Each structure stands twice: as structure tokens, then as C-alpha cells.
Amino acid sequence: MAVTEHDRMVRGELYDALDPELVARRNAVRALCRQLNASAEEEETLRRDLCRRIFGAGGDSVWIQPPFFCDYGSNITLGQRVFFNFNCTVLDVCPVTIGDYTMFGPGVQVLTPMHPLDAALRRQQEYGRPVIIGSDVWVGAGALILPGVTIGSGSVIGAGSVVTRDIPPSVLAAGNPCRVIRALAESDRPLVPADDARAAEKRI
């Protein structure tokens, strides 16, 4: 079986982004995204059907506040109950894998495309690197997740961060470039009313 440009793309090899098959795939998912972005809040059944058609997996439970944008959709694999707030973008020329209950603030961009440094080659071909984001990750508003990055489960990425390297599990990380600030601890759990009452009793 002949190797297609799509095969090369998802493997992270140099490929021609103007290949007719790839153009058709992008056009098809962008049409679905336009429908999603034009839908009303009360059109829950329509939105769920569109999400199932857009994503490679996870469309059954993902929650999106439109607008949302992606390149192919089929290369995005979501766990259970992933949440995208307003105006998120996922450029999935390579696989993007996102774990259960991960949340993205407004304006987050998850980016897999790369371009050759050589200008002549850059006119004709591009390539990408996959992105992996674990479960229970919270990515703050406006963060950029760059190609090839892995973010460990349970971590928090500060708003406006530019994630250029891997982030381990269960840490708070922020900045440009994004760096680990500290490990997360039980004390980071916010007090609920019952906990607040018990804390007050201890102070008396």
C-alpha cells in the first residue's frame, strides 16, 4: 500500500500540506467547526453530534464553549469530560492526546505543526510533533502548548504560559518559557464550608 501524505503527516515526517486529500480533510472538519460555532446553547443534540464527528475520540462527553477551531479533528483523542472554554484552537497535524477531566481556559492553543528552518524546503513541506496532556490538567487562559510537549496528569499551567518543554505530573508551572514553580500539595485544595468550620474550631 502506498504511503500517503496523511501517513507522513501523522508520523511526524515532512509532508505536503497542499496535498488534495489533506485539503479535503481540513475543509470537511472546518465546515463542522463552523456549524458548531454558529450553534445556540440550547442546541445540545446538534452540538453533541458535531463533537462526535469532529474528534477522533471523546466527542461523546467533551464540553465546548464555542468558538473552537482545529485542523483535522480526527487526530485529537480525548478522555472523558474534557472541557474547552471560549476560543480554543488545536492544530492537530500530529496526534494530540488529552486525558480525562482536563480543562482549557479561554484562548488556549495546542499546536503540533513545525516548519523547516531551511527557507527553500519551508516553501514546500512541513512536519509536526505530537502533544500529550494527561488527566486532570488545568491549562490557564491564553496558554500556548507547543509541538512535542508532554504535560503530566494533575498539573496546572498558568495563564499566558508558553509551554516549550515537558512538564511533570502534579506541579504548578507558569511563565514564558513555562517552568515548574512548585509541586502541588494537599494544602492546595480549597476549603469547602465544612472544612472551613473545622479550621475555625482548631483556632479557638
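A residue is called buried when its relative accessible area is under 20%, exposed when over 50%, and partly exposed in between (1.4 Å probe, protein chains only). By this criterion Phe84, at 1% relative accessibility, counts as buried, and so does Phe55 at 5%. The model examined here is predicted, so local features need pLDDT of at least 70 and side-chain atom pairs count only at pLDDT 80 or more, whereas totals for chains, interfaces and linings use all residues. Residues are numbered from 1 along each chain as its sequence is written, and side-chain values use heavy atoms, with hydrogens and water left out.

Rings of Phe, Tyr and Trp (its six-membered ring) are taken to pair if their centres lie within 6.5 Å; planes under 30 degrees apart count as stacked, over 60 as edge-to-face and the rest as tilted. The structure holds 4 such aromatic pairs. One of them joins Phe55 and Phe68, whose ring centres are 5.5 Å apart with planes at 50°, so this pair is tilted. Together with Phe104, the residues Phe55, Phe68 and Phe84 form one aromatic cluster.

Strand S2 leads on to the sheet. Two strands pair if DSSP finds at least two bridges between them. An open sheet is formed by 5 strands in the order S2-S5-S8-S13-S16, with parallel pairing. S2 (68–70) and S16 stand at the edges with a single partner strand each, so one side of each lacks a neighbour in the sheet. Strand S13 (residues 144–145) and S16 run parallel and are joined by 2 bridges, with Ile145 opposite Val163 in S16.

At 37% relative accessibility, Ser170 counts as partly exposed. Leaving aside neighbours within four places in sequence, Ser170 is in contact (heavy atoms within 4.5 Å) with Ser153, Gly154, Ser155, Ala183 and Leu184. The C-alpha atoms of Ser170 and Leu184 are separated by 5.5 Å, although the two residues are 14 residues apart along the chain.

Key. Helix = DSSP H or I, 4+ residues; strand = E, 2+ residues; numbered from the N terminus.
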